[in-house]
Amino acid sequence: MIRRFGLTERALHWVHATGFLAMLATGLVLYLPVLSELVARRNLVKNVHLFSAVAWGSALALVFVLGNRRRLRDDWREIETIDADDRRWLRGRTSPQGRFNAGQKLNALVTAAFALLFVVSGFFLWLGERDHRFLFDGTGTVHELLTLASVGLLVGHLYLAVIHPSTRHALRGITLGDVREDWAREHHPKWVDEERGL
Ligand code: HEM
Ligand code: HEM
């Protein structure tokens, strides 16, 4: 076995995923008339949506304050570096991948950018209701388009993490922390070489 994700990384993933799924579920109830009618407690659902946003932000801040920030910094550096192998991989050619493949790097970058945009648009939705000077026409549309795009990403992510036979072993890494070395070598050979000092 080989260590893939430490406690801080797993906490970051599951805190983000839990907060996101809670906001997605409540957001969809606010957005889709079928669900709004079914639940019929708009105020309560809206409060849960906003409470989830605050809880999510606070829990993420706690992971940063209490967790292994050096490890998170290293992860970020890795994710924002798209090298020649990654570019080849993105053009559909086989190319050895590091700890994250180029698709995962893009997924992580888009997820981080969307999280920021959700916070900004959500904050202005909240503020605009209280102070009409901050009520802008497109804010709701931005928030809704982000939701639709995120659902697309999430479906792909869940397919690879839970269903696709060749990639679903990754689930062990994000829950227990380690993965089989032969699996890692097949999917992330540059990372395994680095770990083993080759
Ligand atoms: C993180 C910070 C977030 C904040 C502060 C926030 C805040 C808000 C607010 C104030 C509303 C307006 C509720 C209303 O007046 O009916 C809203 C609606 C909504 N939110 Fe969020 N939200 C956040 C994140 C998210 C996320 C992550 C998702 C989806 C994954 C999401 C999906 C939605 C949807 C679909 C609606 C309904 C839009 C509509 O009715 O037009 N939100 N949000
Ligand atoms: C029950 C739901 C989820 C499952 C089972 C799941 C599973 C996984 C797994 C197995 C990995 C590790 C992949 C690897 O070994 O490199 C991972 C990474 C990741 N997850 Fe999730 N995840 C879930 C929800 C989410 C949600 C809701 C988000 C964001 C909105 C998210 C964002 C990410 C990101 C950015 C990464 C790192 C990059 C990547 O692997 O694409 N995940 N997830």
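**Exercise 1. The surroundings of ligand 2**

How many residues surround ligand 2, and which are the closest? Work from the predicted model, and then describe the shell by residue class and by helix.

*Solution.* Begin with the count: ligand 2 is surrounded by 19 residues, and the closest of these are R4, H13, Q104, N107 and H157. Next, sort the shell by class, which gives twelve nonpolar residues, six polar ones and one charged residue. Then look for polar atoms of the protein that face polar atoms of the ligand. The side chain of Q104 places an N or O atom 2.7 Å from an oxygen atom of ligand 2, while for N107 the distance between a side-chain N or O atom and an oxygen atom of the ligand is 2.8 Å. In H157, a polar side-chain atom is found 2.7 Å from a nitrogen atom of ligand 2. Finally, assign the shell to helices: two or more residues come from each of α1 (7–31), α6 (102–130), α7 (139–163) and α8 (170–175).

**Exercise 2. The iron atom of ligand 2**

Find which residues coordinate the iron atom of ligand 2, and explain why the arrangement of donors counts as octahedral.

*Solution.* The protein atoms that coordinate this iron are NE2 of H13 and NE2 of H157, at 2.0 Å. These two histidines come from distant parts of the chain, since H13 belongs to helix α1 and H157 to helix α7, 144 residues apart. For the geometry, take the six donor atoms around the iron of ligand 2: the angles that they subtend run from 86 to 180 degrees, and the arrangement is therefore octahedral. H13 is partly exposed because its relative accessibility is 27%, and H157 is partly exposed because its relative accessible area is 33%.

**Exercise 3. The iron atom and shell of ligand 1**

*Solution.* H49 lies in helix α3 (residues 42–66) and H143 in helix α7, which means that the pair ties together parts 94 residues apart in sequence.

Turning to the shell, 22 residues surround ligand 1, with R42, K46, H49, H143 and E144 the closest. By class, 13 of the shell residues are nonpolar, five are polar and four are charged. Helices α1, α3, α6 and α7 each supply at least two residues, and the greatest share comes from α6, with seven. The side chain of E129 also has an N or O atom 3.1 Å from an oxygen atom of ligand 1.

**Exercise 4. A partner of H143**

Which side chain does S121 join through a polar contact of 2.8 Å, and where does S121 lie?

*Solution.* First locate the residue: S121 is part of helix α6. Its relative accessible area is 6%, and S121 is therefore buried. The side chain of S121 makes the 2.8 Å polar contact with the side chain of H143, and also reaches the backbone oxygen of F118 at 3.4 Å. Apart from neighbours within four places in sequence, S121 is in contact with T139, V142, H143 and L146.

Key:
Residues are numbered from 1 along each chain as its sequence is written. Chains are lettered from A and ligands numbered from 1 in the order in which they are written. This is a predicted model: local features need pLDDT of at least 70, side-chain atom pairs count only at pLDDT 80 or more; totals for chains, interfaces and linings use all residues. Side-chain values use heavy atoms; hydrogens and water are left out. A residue is near a molecule or strand if one of its heavy atoms lies within 4 Å of it. A polar contact is a pair of N or O atoms within 3.5 Å; within protein, one must be able to donate a hydrogen and the other to accept it, and residues adjacent in sequence count only if both atoms are side-chain atoms. Helices (H or I, at least four residues) and strands (E, at least two) are DSSP runs, numbered from the N terminus. Ala, Val, Leu, Ile, Met, Phe, Trp, Tyr, Cys and Pro count as nonpolar, Asp, Glu, Lys and Arg as charged, and the others, Gly among them, as polar. Donors are N, O and S atoms within 2.8 Å of the metal (3.2 Å for Na, K and Ca); water is not among the atoms, so sites may look incomplete. Four donors count as tetrahedral if all angles lie between 85 and 135 degrees; four count as square planar and six as octahedral if opposite donors are over 155 degrees apart and all others between 65 and 115; anything else is irregular. Buried means under 20% relative accessible area, exposed over 50%, partly exposed in between (1.4 Å probe, protein chains only). Contact means heavy atoms within 4.5 Å.
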